[in-house]
Amino acid sequence: MYQLNPLPFSYEELEPFLKTHAIALHYQKHQKNYLKKLNSLLVTNNYDIQKPIENLYKTYNKFPTKVIPNLLFNLGGVINHDLFWHSINPHQKMPPNNLLLDSINYYYKNMENFKTQFNQEALNLKGSGYVFLVKTSPKEIKILSLPNQDSPLLYGYTPLLCIDMWEHAYYLNYQNNKQEYLDNFWDIVNFNYANQFFTTESFESKS
Ligand SMILES: [Fe+2]
């Protein structure tokens, strides 16, 4: 069985951005539920769970057609939440590395404009979903909003950073005030994970 990855912070560490009980609920109920359903579906379909979980994005079309929507939904529910947890950290607010910053400046003029466009995507998102920063090719990035639990991996992009725009992610703290949620997100955003996937090495290995 795939296991829930540990959070990179304790529940209470995200106060006041996200309340302790909101994080506990989000992780222990929402993400855990996606994982439980994914495991159940994989066992039913005799899938080899020894493989890295991301491998499912390369092999999902081998599952019966009627299973695929549920598979992708629950898989995304696990993967996307892991990325979100690694996108925020009140004690490790790592800025983008020079290469990533160069790319942000190239495609979005500057960091402030990048944040404004990212926020706009989030505010424009209809219903539930996420806004991602993705790597589209070795040196290219873009902001991508996706519905429900779709992952950029489905489209061949490398996800670098994201914000969860499902109501369950912010409603307990911000009710319907998405702008405040977004503003506070940037106060604790952590580019550490994004930096690991946006390095000279990754350029060389992928090019
Ligand atoms: Fe969520």
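This is a predicted model: local features need pLDDT of at least 70, side-chain atom pairs count only at pLDDT 80 or more; totals for chains, interfaces and linings use all residues.
Residue numbers start from 1 along each chain as its sequence is written. Overall, the chain has nine helices and three strands (DSSP runs numbered from the N terminus, H or I over at least four residues for helices and E over at least two for strands).

**Overall build**

- Reading from the N terminus, the elements go α-α-α-α-α-β-β-β-α-α-α-α.
- The chain's radius of gyration, 17 Å, agrees with the value near 17 Å that a compact globule of 207 residues would have (C-alpha atoms are used, and the globule rule is 2.2 Å times the number of residues to the power 0.38).
- Along the principal axes, the C-alpha atoms fill a box of roughly 50 × 45 × 30 Å.
- As for burial, 33% of the 207 residues count as buried.
- Take the contacts between residues at least 6 apart in sequence: 72% of them join residues at least 24 apart (a contact means C-beta atoms, placed from the backbone, within 7 Å).

**The nonpolar core**

- The largest nonpolar core has 46 residues, and Val131, Phe132, Cys162 and Ile163 touch the most other members (such a core is a set of buried Ala, Val, Leu, Ile, Met, Phe, Trp, Tyr and Cys residues joined through C-beta atoms within 7 Å).
- Helix α3 (residues 68-87) supplies the largest share of this core, seven residues.
- Once neighbours within four places in sequence are set aside, Phe132 is in contact with Leu144, Leu146, Pro152, Pro159, Leu161 and Cys162.
- As background, nonpolar side chains in soluble globular proteins tend to be buried together.

**Helix α5 against α7**

- Helix α5 (residues 111-124) packs on helix α7 (residues 178-187) at about 145°, and the axes are 10 Å apart (axes are lines fitted to C-alpha atoms over the stretch in contact, and angles run from 0 to 180 degrees between N-to-C directions).
- From α5, Lys115, Asn119, Ala122 and Leu123 make the contact, and from α7, Lys178, Leu182 and Trp186 do.
- By type, the residues of this contact come out as four nonpolar, one polar and two charged (Ala, Val, Leu, Ile, Met, Phe, Trp, Tyr, Cys and Pro count as nonpolar, Asp, Glu, Lys and Arg as charged, and the others, Gly among them, as polar).
- Gln120 also lies in α5, and is partly exposed because 14 other C-beta atoms lie within 10 Å.
- Between Gln120 and Tyr174, which sit 54 residues apart along the chain, the C-alpha separation is 17 Å.

- Most residues other than glycine have a negative phi, and most peptide bonds are trans.
- Glu15 and Pro16 are joined by a cis peptide bond, with omega about 0°, and Pro16 belongs to the segment before α1 (20-44).
- Asn46 is not a glycine, yet its phi is positive, near 55°.
- Asn46 sits in the loop between α1 and α2 (56-59) and counts as exposed, having 6 C-beta neighbours inside 10 Å.
- Lys109, another non-glycine residue, has a positive phi near 75°; its place is the loop between α4 (98-108) and α5.

**Around the N-terminal stretch**

- Phe17 is in the segment before α1 and is partly exposed, with 18 other C-beta atoms within 10 Å.
- Leaving out neighbours within four places in sequence, Phe17 is in contact with Asn184, Asp187 and Ile188.
- Phe17 and Asn89, 72 residues apart along the chain, have C-alpha atoms 10 Å apart.
- Thr20 lies in helix α1 and counts as partly exposed with 13 C-beta neighbours inside 10 Å.
- With neighbours within four places in sequence left aside, Thr20 is in contact with Tyr11, Glu12 and Glu15.
- His91 is in the loop between α3 and α4 and counts as exposed, with 9 C-beta neighbours inside 10 Å.
- Although 78 residues separate them in sequence, His91 and Glu13 are 8.5 Å apart in space, C-alpha to C-alpha.

Definitions and conventions: A residue is buried if 20 or more other C-beta atoms lie within 10 Å of its own, exposed if 12 or fewer, and partly exposed in between; C-beta atoms are placed from the backbone. Two residues are in contact if their C-beta atoms, placed from the backbone, lie within 7 Å.
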